[in-house]
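The sequence and the structure are shown first.

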Amino acid sequence: MRTDRFGQAAIAGLGMTELGKVYGPSPRRLAAQAVRAAVADAGLTLDDVDGLLVSHGMSGSPGIELAETLGLRDLRLLTHMNAFGATAGAMVSYAAMSVISGAADTVACVFADAPLKPRQPAGSAYDSAAREYYGFTGMTAALGFRSVNAFYALAAQRHMARYGTTGEQLGAIAVATRRWAGMNPLAQMREPITVDDHQNSRWVVEPLRLLDCCLVSNGAVAVVVTSADRARDLARPPVHIWGWGQGHPGHRLERGSEFGLVTGAATSGPVAMKMAGVTADDIDVCELYDCYTYTVLVSLEDYGFCAKGEGGPFAASGALAPGGSLPTNTGGGQLSAYYMWGMTPLSEAVVQARGHAAERQVTKNDVILVSGNGGILDHHSTLILSPQPRGHRP
Amino acid sequence: MTDTGFGVLRRDGRTDAFFDGAAADQLMIKWCPACDRWFAPDASGCTDCGGPELVWARAGGQATLVSWAVSHARPRDDGSPAPAPAMLALVELAEGPWLHARLDGVDAGLLREGLPLAAAFEHPGEGEAYLVFRPTTGEEPADAHRGL
Ligand SMILES: [Zn+2]
């Protein structure tokens, strides 16, 4: 197997629209805006783009018609991708493979969503309550399974019952993430919080409290992937793509299932790290998908940063916070900064790799792990990124 | 009867056997005759042999608790009382399949992995009966095929 080409793709551009309560533009217009911004950020023009990978959230738009919106011509790669929260990592890996194989030279990858509506609680964007329910599936919804909150709560509770994980340990993740958010001007929630604040926040679905749950945001984020050689001559410092992986455990809901206790990160992590030529010990920074505090906790275990069952004590040790041994979700994550699905961890990884994170810049950024998570811990993607070319040894 | 706080449950034409069973206090799930393997009522085919011809069969109703969660209604803007919290669960039927379910008559402090449960049905004034699980003493399991 040839491995010398794996490190030959890089992220050269990052574009973000205004994020949060952005009510005007459609998801398609937001996506177009983000792609234009990412291309300009790289020092390129839309004429340089010959590949476009599109993904969307709850809004169901845009699809590949985005190419027409942008007026892109003679594309050599165009598709819509969906692995839920794992999509951003999957898009970047597909873009990297396309660049490495010569199928395309410059690939824009974009996510857009606009689930928030004016004068409507944020949670209702991902919730459904009806007057009538239909069939067996309807019965499940009627009995209270009306949003993903309930399913993640079952996962978290299973871990708590099995390993003694506590609500305070989940709170430590919320607190550490908010501390990072306080240093990110783009973060929607920047007021410091304490574990007491977490413990006093209202139940959503017990054992998950309001401060265990991510934000809901409108907006779009795009990155541009090109060859490492080309990226070196562009406007921004290249962010080299050392490795990637996916993991889809396919837990069946039946006797013996590890649902809730083991995620696809247990597969995607080793695949990506092996490709990158690193181990968990080499990771300097983690940007983890944090739809819930619990997602962070269980992902840390599955990536091997601590043993299975020890994610709670590990999080409570302060390791994830500013000054900790494993800086994690350094922009405030989805819990406190903005919820752009897999683009939230990816965008912060690019900023940290470039050394552009100002007050919150980590001192050591040679190896950055980016994690995506979709479904109910069903779909995972991992990227290993670095400001250094692959093979660099600190 | 438990106050669910939800709307009316109707049939969807694909799971009529489940609701016929529910009306008679019987838990109907799906079964692959070729593999002698049991599935949840919404399974579309056998994951082992690929056969699409799952048949409806009566489950014993015994189950154990896998995990649980308490759903709290969003506080109401006008300050009126929100509906009572719902005790949600993931349960493992004795036949093997897991169901997302509602617990009834449980003391939250006594919940644990493996807690023995039994299926029961609530019959609201309007709409179909719905499934709940209640703790059992563990000493008198329900007869698997009572009434057949
Ligand atoms: Zn079969």
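Which element gives the largest share of the lining of the second largest pocket? The answer is given under the first heading. The model discussed here is predicted.

## The second largest pocket

The largest share of this pocket's lining comes from α4(A), which supplies four residues. The second largest pocket is lined by 20 residues in total, and its volume is about 410 Å³. Elements giving two or more residues to the lining are α4 (135-142) of chain A, and β3 (37-39) and β7 (98-102) of chain B.

The residues nearest the centre of the pocket are A:L253, B:A40, B:D42, B:W98 and B:H100. Sorted by class, the lining holds 12 nonpolar, five polar and three charged residues.

## Two crossing helices in chain A

Helix α6 (residues 167-181) and helix α10 (residues 293-303), both of chain A, have axes that come within 9 Å and cross at roughly 100 degrees. The helices α6(A) and α10(A) are therefore roughly perpendicular to each other.

On the α6(A) side, A:L170, A:I173 and A:A174 take part in the contact; they meet A:T293, A:Y294, A:V296 and A:L297 of α10(A). This contact has six nonpolar residues, one polar residue and no charged residues.

## A three-stranded sheet in chain B

Chain B has an open sheet of three strands in the order β3-β2-β4, with antiparallel pairing. Its edge strands, β3 and β4 (55-58), each pair on one side only. Neighbouring strands are turned by 50 degrees against each other on average, direction ignored.

Strand β2 (residues 28-32) of chain B is joined to β4(B) by four bridges, and the two run antiparallel. The bridge partner of B:M28 in β4(B) is B:R58.

How values were computed:
Residues are numbered from 1 along each chain as its sequence is written. Chains are lettered from A and ligands numbered from 1 in the order in which they are written. This is a predicted model: local features need pLDDT of at least 70, side-chain atom pairs count only at pLDDT 80 or more; totals for chains, interfaces and linings use all residues. Side-chain values use heavy atoms; hydrogens and water are left out. On a 1 Å grid over the protein atoms alone, a cavity is a set of points where a 1.4 Å probe fits but cannot get out, and a pocket is an open set with protein on both sides within 12 Å along at least five of seven lines; lining residues have an atom within 4 Å of a point. Grid points are joined across faces, edges and corners, and a volume is the space filled by probe spheres set on the points. Ala, Val, Leu, Ile, Met, Phe, Trp, Tyr, Cys and Pro count as nonpolar, Asp, Glu, Lys and Arg as charged, and the others, Gly among them, as polar. Axes are lines fitted to C-alpha atoms, for helices over the stretch in contact, and angles run from 0 to 180 degrees between N-to-C directions. Angles under 35 degrees count as roughly parallel, over 145 as roughly antiparallel, 65 to 115 as roughly perpendicular and the rest as oblique. Contact means heavy atoms within 4.5 Å. Two strands pair if DSSP finds at least two bridges between them.
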